[in-house]
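Subject: Handover of a protein model

Dear colleague,

Please find below the structure that I am passing on to you. I would ask you to keep it open while reading the notes that follow.

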Amino acid sequence: MDIIKESKRTFQFPTAFTILFVIMLVAIGLTWIVPAGSYSKLAYSENDNTLQIASPLGNVTTVAATQDELKKLNINIDIEQFVNGVIRKPIAIPDTYQQVEQSPKGLLDVAVSIVEGTIEGADIIVFILILGGMIGVINKTGAFDAGLISLSEKTKGREFLFVALVCIVMALGGTTCGLEEEAVAFYPILVPIFLALGFDSIVCVGAIFLAASIGTAFSTINPFSVVIASNAAGISFTEGLGVRAFGLVVGTTVVIGYLYWYCKKIKADPSFSYTYEDRESFKARFLKSDDLSGNVPFTTRRKVILALFAIAFPLMIWGVSMGGWWFPQMAASFLTIAIIIIFISGLKEKEAVEAFTKGASELVAVSLIIGMARGVNIVLEQGMVSDTILAYASDLVSGMHGSVFAVSQMIVFFFLGLVVPSSSGLAVLAMPIMAPLADTVMIPRDIVVSAYNWGQYSMLFLAPTGLVLVTLQMLDIPFNKWVKFVLPIVGFLLVFGSILLVAQVMML
């Protein structure tokens with residue numbers, strides 16, 4: 001009897017790797033069950049200023065890059081959006097879906113797709129490894145410990161204020177420039193601070209990932225979601241801006257309020273923490289020193305090192321939003337700053353190299369998760385399942401009453417977010433198909449864009465094929481603990497989004 005009880009107590013929820021492996025098998029199963037099909041895809045060729053149309057059977061035809069040619073294809077998008085590079089990915093052409101020969105995947109494709117997904121995600125993987133290396137060097141200098149001591153002394157009695165400020169900054173980053181994948185850079189610096197202030201790992205991911213994602217869900221000028229979705233829908237991104245801005249304020253307030261409730265609970269009773277049993281291993285991982293009593297002096301050198309580290313983040317945000325950067329450029333900027341820190345750190349050459357490599361090695365598991373998640377997407381793409389699901393979904397909502405149509409669109413995008421977890425990818429795939437359906441029920445197309453935002457991002461709080469498992473792996477948080485914490489926010493976003501969509505329709 002004691003043995004049975006012990007086995008029950010030691011059960012652990014599967015790791016991110018096992019979850020993704022199971023999802024991979026499900027995706028392979030879908031390629032056998034779901035009929036294969038595809039829309040014709042349209043892409044702009046900068047080399048010869050033409051539009052290339054690829055049929056579901058792989059035949060490619062070329063037409064002039066003019067507005068008239070787009071009109072013939074029932075695509076209500078300004079040709080300048082293609083020419084100027086705003087829309088870079090191939091878009092689906094309405095009314096061109098057709099079934100094709102089944103392309104089922106097998107068990108042998110598991111390993112191949114994981115390798116291909118890792119290669120496809122090489123840019124973000126390199127970025128994460130360089131980030132880990134830089135953190136390793138800074139930890140070796142003692143700059144983090146000294147900074148934490150100083151911060152903890154100055155924030156006594158006002159600990160939650162720091163959490164709220166981080167939430168606001170991350171939400172603003174999400175709504176303006178889609179701060180999601182880039183948010184992984186903030187964990188190594190902010191997590192030790194949260195721990196020093198007495199919070200747990202759930203608060204860390206809530207203040208960073210949850211707040212950034214709620215900001216992205218209510219995107220105002222985010223070029224990677226609402227702007228590209230609006231362009232693909234044939235409208236200006238300013239349409240519906242006021243409603244999204246209102247939603248941003250409400251959504252951010254709700255997240256801060258939810259975190260305040262949770263923080264108050266764990267301050268009163270630490271065992272309330274959803275990750276209470278993992279607290280010691282989590283602290284050992286992110287608090288490299290248990291001594292935060294003031295024995296690590298905050299020297300000028302350490303202040304300069306932390307200042308250089310802090311500069312990397314506004315530089316990254318500027319590069320993404322204004323400089324046309326992506327992960328290669330971000331990785332290069334972090335590497336440059338890491339090299340400068342090494343030179344001024346006072347560390348010996350061998351110490352610095354070993355600290356860098358050790359820091360990078362601690363994020364290898366996170367990098368492998370990225371490869372597995374992208375491998376799942378590759379299976380669905382090569383099995384030609386995604387377009388079939390989109391075609392069925394568009395038929396399902398076509399012809400509904402305006403209010404029902406808007407809410408149904410959000411639900412459709414909720415499930416499509418699991419199949420296509422990329423905001424820009426789903427926008428160019430689905431919006432040319434879904435947006436024209438709004439015309440048939442006589443509602444503005446910006447309502448479909450809002451439904452896309454709120455539906456997809458409700459799923460991306462949960463979708464294992466998105467950024468969630470990468471984040472949880474980085475913080476070593478079990479997926480089931482995260483689901484328990486985030487479900488109230490998912491419910492809020494779906495309910496609040498439905499209210500806003502119906503209100504917009506009723507006000508027409």
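Buried here means under 20% relative accessible area. Please note that this is a predicted model.

The core draws at least three residues from each of domain 1 (41-100) and domain 2 (116-362).

These two domains come from the domain assignment of the protein chain. Their centres, taken over C-alpha atoms, are separated by 39 Å. Where they meet, five residues of domain 1 are in contact with five residues of domain 2.

Not counting residues up to four places away in sequence, M434 touches L390, A393, S394, V397, F405, Q409, V412, F413 and V448.

A buried neighbourhood around F282

F282 lies in helix α13 (residues 279-286). Its relative accessibility is 7%, so F282 counts as buried. Leaving aside neighbours within four places in sequence, F282 is in contact with V191, L195, S201, C204 and L475.

S201 counts as buried because its relative accessibility is 4%. Apart from residues up to four places away in sequence, S201 touches T275, F282, L475 and I477. L475 therefore deserves a look as well, since it is among the buried residues of helix α22.Which residues of α22 are buried? They are V468, L469, V470, T471, L472, Q473, M474 and L475. Because eight of the eight residues of helix α22 (residues 468-475) are buried, the helix is largely enclosed by the rest of the structure. After α22 comes D476, whose phi is positive, near 60°.

Salt bridges

Side chains of opposite charge can pair when their charged atoms come close. The structure holds four salt bridges, and three of them are described here.

The side chains of K41 and D387 meet in a salt bridge at 2.6 Å, N to O. This pair links distant parts of the chain: K41 is in strand β2 (residues 41-45) and D387 is in helix α18 (residues 386-397), 346 residues apart. D387 counts as buried, because its relative accessibility is 7%.

A second salt bridge joins the side chains of K72 and E69, at 3.6 Å, N to O. K72 and E69 are three residues apart in helix α3 (residues 67-72), so about one helical turn separates them. K72 is exposed, with a relative accessible area of 63%.

In another salt bridge, the side chains of D439 and R445 meet at 2.5 Å, N to O. Is D439 in this pair buried or partly exposed? At 41% relative accessibility, D439 counts as partly exposed, whereas R445 is buried, with a relative accessible area of 13%.

Positive phi angles in loops

M442 is found in the loop between α20 (423-440) and α21 (445-460). Although M442 is not a glycine, it has a positive phi of about 60°. M442 is exposed, with a relative accessible area of 73%.

N49, in the loop between β2 and β3 (50-54), has a positive phi of about 55° and is not a glycine either. N49 counts as partly exposed, at 42% relative accessibility.

V304, L335, I339, I340, F343 and I344 make a nonpolar surface patch of about 520 Å². Helix α15 (residues 327-345) gives the most to this patch, with five residues. L335 is found in helix α15 and is partly exposed, with a relative accessible area of 34%.

Yours sincerely,

A colleague

Definitions and conventions
Residues numbered from 1 in each chain as written. Predicted model: local features only at pLDDT ≥ 70, side-chain atom pairs only at ≥ 80, totals over all residues. Heavy atoms only, no water. Patch = residues over 30% accessible without salt bridge, like charges linked within 9 Å, V, L, I, M, F, W, Y side chains within 5 Å. Areas by Shrake-Rupley, 256 points an atom, 1.4 Å probe, with all protein chains shown as cover. Helix = DSSP H or I, 4+ residues; strand = E, 2+ residues; numbered from the N terminus. Buried < 20%, exposed > 50% of the residue type's maximum accessible area, 1.4 Å probe, protein only. Contact = heavy atoms within 4.5 Å. Domains from an automatic or database assignment.
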